[in-house]
Each structure stands twice: as C-alpha cells, then as structure tokens.
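User: I'm new to this one. Can you walk me through it?

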Amino acid sequence: MTWDVCICDNETGWWVDEDERARLAEFVGSRTPALMRVAYLLTGDRNAAEDLFQSALARAIPKWDSIRHADPEGYLRVVMYREQISWWRRFRRRRETPLNPADEPVGGDPSGGSDVRLAMRAALRHLPPTQRAVVVLRYYEDLPEARVAELLGCSVGTVRSRTHRAVQRLRELLPDVDMLEVRR
Amino acid sequence: MTDPFEHLIRSTLTDLAEEAPIVHDQLSRAERRVRNRRRATVTVGAVSTLAAILIATPLAVAATGSDEPPPAVPSPAGPAAVPSPSAPIPSAPTAVPTVEPSPGGGLASPVGPPGVPGRPTVSPTPLTPPGVPGKPGGPTVSPSPSSSAGPPGVPGRPTASPSPLS
C-alpha cells in the first residue's frame with residue numbers, strides 16, 4: 001500500500017488515496033453489470049435499479065478502506081438487498097407513480113411460451129419488495145434459506161414464510177399458468 | 001425439489017436480468033451523492049443544534065427565575081452592602097434651646113449670660129442627645145432628640161449649667 005500520493009477532496013473533506021480510488025473505480029467498472037442485474041431484478045425498474053445501485057455504492061465508498069480486502073461485492077449486494085426492503089425506501093417509493101407499460105397485466109397470447117414469461121414478469125413486479133427480494137435470492141441467486149436469512153437480517157422462518165407467500169401470490173396472479181404450460 | 005412453476009420463475013428471472021440497463025460512470029455519481037449526503041447531514045445537525053438552543057434557553061431562564069430572584073439582584077438576607085459609619089458624625093446643633101423659667105421669674109433669655117442668679121438659665125434637658133459641648137459658663141445649646149437629622153453625635157461633656165440655687 002502506497003501513501004505517496006494523497007489528494008484531499010476539499011468538498012467532502014476526506015482523504016482519498018489515488019491508488020485506492022483507482023482500485024475502487026476498477027472494481028466498480030468490472031462489477032457494475034452483475035450488480036445492476038441484481039438491482040434490476042430487485043426493483044423491476046431501470047431508474048429504480050440505477051438509484052438503488054448508486055445508493056449502495058454511496059454507502060460503500062466511505063467504508064472502502066475496511067471492505068476492500070474482504071468482499072466488497074458481497075457488501076454491496078447486502079446493502080442493496082437491505083436497502084430495497086428498508087422502510088425508508090418503501091416510504092419514498094409509495095410517492096412515485098410507476099408509468100412502466102411492462103407493469104400492465106398481460107393477457108393470453110396464443111403464440112406460445114412467450115406470454116407465460118411476460119405474464120410471470122408482470123406478476124413479479126406486483127410482489128412487495130420483501131417477497132421479491134426473497135424470490136430473487138432463492139431462485140436467481142440460488143442461495144439456501146439460511147444464507148438468505150443471513151443476508152436479509154431475518155430468521156429462516158421468515159424467509160420460508162415470505163417465499164411461500166410469494167409463490168402463492170404468483171400463482172394467484174397467474175391462474176392460467178398451468179393451462180399455458182400445457183399449451184406450450 | 002423444483003416444480004415447473006419454480007422453474008418458470010427461474011427462467012423468467014434470468015431473462016429479466018438480461019434486460020438490466022447498462023450504465024456508466026456510476027462512481028462519480030455515487031461520490032456526488034456521498035458529498036450531498038454529508039452536506040445534508042452537517043446542515044441538519046447545525047439546524048437541530050440551533051433549534052435546541054433557541055428552545056432550551058428561554059425555558060432554562062424561566063425555570064431559574066421562578067423560584068428565586070435572578071442572580072444579579074442581591075438577596076436581602078445577605079451581608080449588608082451599606083457600610084455603617086464607624087465613627088459617629090456629630091450632628092449640627094439643630095435643636096432649639098429649651099428655656100426654663102427661673103424661680104425668680106422672668107423670661108429666660110438664651111443669649112443671656114449664664115450664672116447670673118435670678119436670671120433664667122438654660123439647662124440641657126436630659127432627653128437631648130449629647131451634642132457639641134458647650135463652653136463652660138455659657139449658655140449651652142443641645143440638640144433636641146427629636147431632631148431627625150444625622151446620627152447621634154458624640155456624647156458631649158456635661159456642660160456646666162449653673163443652677164440658680166447654687
């Protein structure tokens with residue numbers, strides 16, 4: 001670790017090592033696509049995903065000195081998971097009016113399997129943030145329940161109940177999915 | 001155990017993840033957000049401190065002044081702030097000399113020479129506080145105790161008051 005060149009950010013007041021900032025920029029540039037995918041799955045909206053990622057990154061920057069040798073990507077993921085289900089973020093999100101046309105419910109499409117995916121996509125957007133986070137961690141990240149509970153800061157029973165409710169809700173939103181599956 | 005419905009969830013999530021937006025220059029934006037957050041934190045802290053001071057100061061002053069007088073006012077039970085004169089200041093002879101008729105009759109003249117038998121003499125009344133000692137042999141003029149001006153004077157030496165009988 002070299003401390004030869006240190007710059008002082010006059011606006012923020014904290015000292016930033018130039019090499020460390022280069023490493024941080026390299027880490028962000030290399031891991032942004034994967035982290036943005038997770039953020040997009042958690043939020044279901046492009047702008048919200050970008051905002052979530054930036055918010056997590058803003059929390060990680062002041063702690064970069066302590067997390068750079070551990071697991072910075074894991075730290076960012078945990079921040080994004082918990083930020084997504086936090087009360088404050090939910091409060092801010094309620095004031096927004098989603099105008100995404102993809103949120104519209106998708107009707108039956110005789111063309112085949114694509115309508116099933118579209119219907120499932122719309123149904124996923126209707127899940128509340130807590131259930132959606134559990135679904136992403138369980139079915140996209142393929143994490144066990146204990147690990148999901150650790151990441152979200154809750155108990156395994158909570159993870160189980162949220163998963164069960166999420167799947168049940170998806171089944172309610174897609175009552176014809178069995179029929180569509182048959183038609184595929 | 002993976003049923004078809006869960007498989008559908010997985011495949012949908014995988015497809016959805018591929019549609020994630022491609023963003024650039026996230027670090028500088030995040031740094032800007034950190035700056036704004038710190039600035040907001042400092043501003044909120046300063047405003048909160050100022051508000052607390054503005055609210056608490058009048059309350060503290062009111063709570064202090066309700067039971068006892070302000071500290072600037074000297075308490076009546078405290079030490080006497082007015083120094084008492086250590087030395088008595090002789091008061092000016094303000095009393096009107098009392099004139100007693102002599103047994104010989106006639107009016108007493110305050111300016112008359114004392115000691116003349118048969119003439120009215122001026123004698124100090126016992127109620128008069130001591131004043132300036134008079135000249136022996138002369139008519140003494142003593143201040144009246146009813147005079148309210150000045151502290152009591154030094155007890156004067158008893159003046160020689162020639163008695164008409166002596």
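Analyst: Helix α7(A) passes helix α8(A) in a right-handed crossing: the near helix is turned clockwise from the far one by less than a right angle. Helices here are DSSP runs of H or I, at least four residues, numbered from the N terminus. This is a predicted model: local features need pLDDT of at least 70, side-chain atom pairs count only at pLDDT 80 or more, and totals for chains, interfaces and linings use all residues. Residues are numbered from 1 along each chain as its sequence is written, with chains lettered from A and ligands numbered from 1 in the order in which they are written.

User: At what angle do the axes of α7 and α8 of chain A cross?

Analyst: Roughly 135 degrees, and the axes come within 10 Å. Axes are lines fitted to C-alpha atoms over the stretch in contact, with angles from 0 to 180 degrees between N-to-C directions.

User: Which residues of α7(A) and α8(A) meet?

Analyst: Ala133(A), Val134(A), Leu137(A) and Arg138(A) in α7(A) meet Val148(A), Leu151(A) and Leu152(A) in α8(A). Contact means C-beta atoms, placed from the backbone, within 7 Å.

User: New topic. How many residues of chain B are in contact with chain A?

Analyst: 24, against 32 residues of chain A. On the chain B side, α1(B) gives the most, with eleven residues.

User: Where does UniProt put the transmembrane region of chain B?

Analyst: The unreviewed UniProt entry places it at residues 40-61. UniProt annotations may be inferred rather than shown by experiment. That stretch of chain B is 100% helix, with its end C-alpha atoms 32 Å apart.

Terms used. Helix = DSSP H or I, 4+ residues; strand = E, 2+ residues; numbered from the N terminus. Contact = placed C-beta atoms within 7 Å.
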